[in-house]
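Me: I'd like to go through this model with you, a question at a time. Could you show it first?

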Amino acid sequence: MSDVVVRTPAKVNLALMVGPLRTDGFHELASVYQAVSLYDEVRATLVPDGQITVRVTGQQAGKVPLDNGNLAYRAAALLAEQAGVETGVRLDIVKGIPVAGGMAGGSSDAAAALVACDALWGTKLDRSALLDLAARLGSDVPFCLLGGTAVGSGHGEIVAPALARGAFEWVFALDREGMSTPAVFAHLDRLRGAAAVLPPRIPEALMAALRTGSATDLGRALANDLQPAALRLRPRLAQVLDAGREYGALGAVVSGSGPTCAFLARGHGHAVDLSARLAGTGLCPSVRIATGPVPGARVVEG
Ligand code: C5P
């Protein structure tokens, strides 16, 4: 086999509860992730010379680093080192997930690179070994392997499937410029000042809504502790959220560290209507419709 193609999803946090800052620089998190049907594709091609190279095409491709700053590159390098692989790989990434949008685009590419290189190089790591490597690459990478709807703890890297039913229709309003995740966490720390921060807890109403599959209840329960910080750094997002609510979204929340805003629609027709109305406000340069939950990074070819 000389080529493997992996399709890998974006995520939205249904809840992102941020606890105290830890001594390792991460915040303790309690989060609920859902994988949604905006995808990147990663094609891994064998190269004999031991080099790892990355090429990126698709939406906002010019904003993605091609060197060691690229998480997919780091994922391939980490797997090669761990498994003692000396063959190289070329990673061709086609972006469909917003870049620096709070939807785990880079993390999802890392998950895809692990799955693709594992198949390409025949390293055959088991699921738990891949999850361990994923956790070393970034807080959201293990979830991108798992997909579906899952609860995250630790700094986000410890994931367990959630008891959830139903399918949900989402609308995502993208922003022109990405946001830096560390900057948003740091701004939250500034807003909190010296106030005591409690251990993070997922709202019970959210887990109940997932168990019943009620979109109405889920919309009401969406929660993101990073949202105040993201809105301070990018005030126009508040207008985007308000517009979505005005057009009947069941819930409106900043996705992860932003700047993408996520809206839960009543159904597919409403999602189409909501996306057209949001685009019409002129507040957001592009709007996407997606469904969730969907599977994590999976081989689709090769
Ligand atoms: O793990 P990841 O590389 O996605 O994290 C990027 C940055 O986001 C971290 O270096 C940290 O500044 C911030 N972060 C955090 N607490 C978390 C996850 C991320 O402070 N639980």
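Reply: Here, helices (H or I, at least four residues) and strands (E, at least two) are DSSP runs, numbered from the N terminus. Residues are numbered from 1 along each chain as its sequence is written. This is a predicted model, where local features need pLDDT of at least 70 and side-chain atom pairs count only at pLDDT 80 or more, while totals for chains, interfaces and linings use all residues.

Me: How far apart are the end C-alpha atoms of residues 206-278?
Reply: That stretch carries the UniProt annotation "domain: GHMP kinase C-terminal", from an unreviewed entry. UniProt positions follow the numbering used here, feature names are shortened, and annotations may be inferred rather than shown by experiment. The span is 59% helix and 14% strand, and its end C-alpha atoms are separated by 26 Å.

Me: Which helix gives the largest share of the shell around the ligand?
Reply: The residues around the ligand include Gly25, His27, Asp140 and Phe185. Strand 2 (27-47) and helix 5 (181-192) each supply at least two residues of that shell. The largest share, three residues, comes from helix 5.

Me: How many residues of the ligand shell are polar?
Reply: Ala, Val, Leu, Ile, Met, Phe, Trp, Tyr, Cys and Pro count as nonpolar, Asp, Glu, Lys and Arg as charged, and the others, Gly among them, as polar. On that scheme the shell has four nonpolar residues and one charged, and the polar ones number seven.

Me: What separates the centres of domain 1 and domain 2?
Reply: The protein is divided into domain 1 (3-162 + 294-301) and domain 2 (168-291), with bounds from an automatic or database domain assignment. Taken over C-alpha atoms, the centres are separated by 22 Å.

Me: Which strand supplies the largest share of the side of domain 1 that touches domain 2?
Reply: Residues are in contact if their C-beta atoms, placed from the backbone, lie within 7 Å. The contact takes 30 residues from domain 1 and 33 residues from domain 2. On the domain 1 side, strand 1, strand 2 and strand 5 (149-153) each supply at least two residues. The largest share, ten residues, comes from strand 1.

Terms used. A residue is near a molecule or strand if its C-beta atom, placed from the backbone, lies within 6 Å of it. Two residues are in contact if their C-beta atoms, placed from the backbone, lie within 7 Å.
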